[in-house]
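Open the model in your viewer and keep the sequence panel beside it. We will go from the whole chain to a single side chain.

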Amino acid sequence: MHIWVDADACPVVIKEILFRSAERTGLALTLVANQPLRVPKLPNINTLQVAAGFDVADNEIVKRIQAGDLVITADIPLAAEVLDKGAQALNPRGELYSPDTIKAKLSMRDFMDTLRSNGIDTGGPAPFNQQDRKEFAKRLDTLITRYLQSRRNSPAVD
């Protein structure tokens, strides 16, 4: 499992959780952004800087992911593409996107975009809080633990 982060809008506290998790587990972690990022100097933690532009980072993540990878993103269209490629998508508030719910989330996102484009103030997401951080850390730990256990239980390939 490779963990990819849509890093431009990812909260710092979530990046810190991811850094600790990558250090503890040794899993590959790549942060994709259109600006330079500071990350711990560990061989399994990398950054990938892409050109500025609409969906450039998203497109790069989709191009590089493989089935079984995990992508951290709040971007619903990106999450839908990730799921289509057989990878998992987790948002920074700890919600794991699923094939069963992604279409409804895309429809709601499009509806809200339409309202905003017609001048209706829809507000925004609630401020990121301590409970969001806890939910993310808990869900990430569950996903990684499940992955590591499945790796230990799978027969060795020669």
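Predicted model: local features only at pLDDT ≥ 70, side-chain atom pairs only at ≥ 80, totals over all residues.

Numbering starts from 1 along each chain as its sequence is written, and side-chain values use heavy atoms, without hydrogens and water.

**Whole chain.** Show the cartoon. The protein chain has 5 helices and 5 strands, in the order β-α-β-β-α-β-α-β-α-α from the N terminus. These are DSSP runs: helices are H or I, at least four residues; strands are E, at least two. Of the 158 residues, 35% count as buried, meaning under 20% relative accessible area with a 1.4 Å probe, protein chains only.

**Largest nonpolar core.** Select Ile3, Leu18, Leu29 and Ile72. Of the 23 residues in this core, these touch the most other members. Elements giving two or more residues to the core are β1 (2-6), α1 (12-25), β2 (28-33), β4 (70-72) and α5 (130-153). A nonpolar core joins buried Ala, Val, Leu, Ile, Met, Phe, Trp, Tyr and Cys residues through side-chain atoms within 4.5 Å.

Now select Val32, Val50, Ala57 and Ala89. They are among the 19 residues of another core, apart from the largest one.

**Glu60.** Zoom to helix α2 (residues 56-64), where Glu60 lies. Is Glu60 buried or exposed? Glu60 counts as buried, because its relative accessibility is 15%. Not counting residues up to four places away in sequence, Glu60 touches Val32, Leu48 and Val50 (heavy atoms within 4.5 Å).

Technical notes. Buried < 20%, exposed > 50% of the residue type's maximum accessible area, 1.4 Å probe, protein only.
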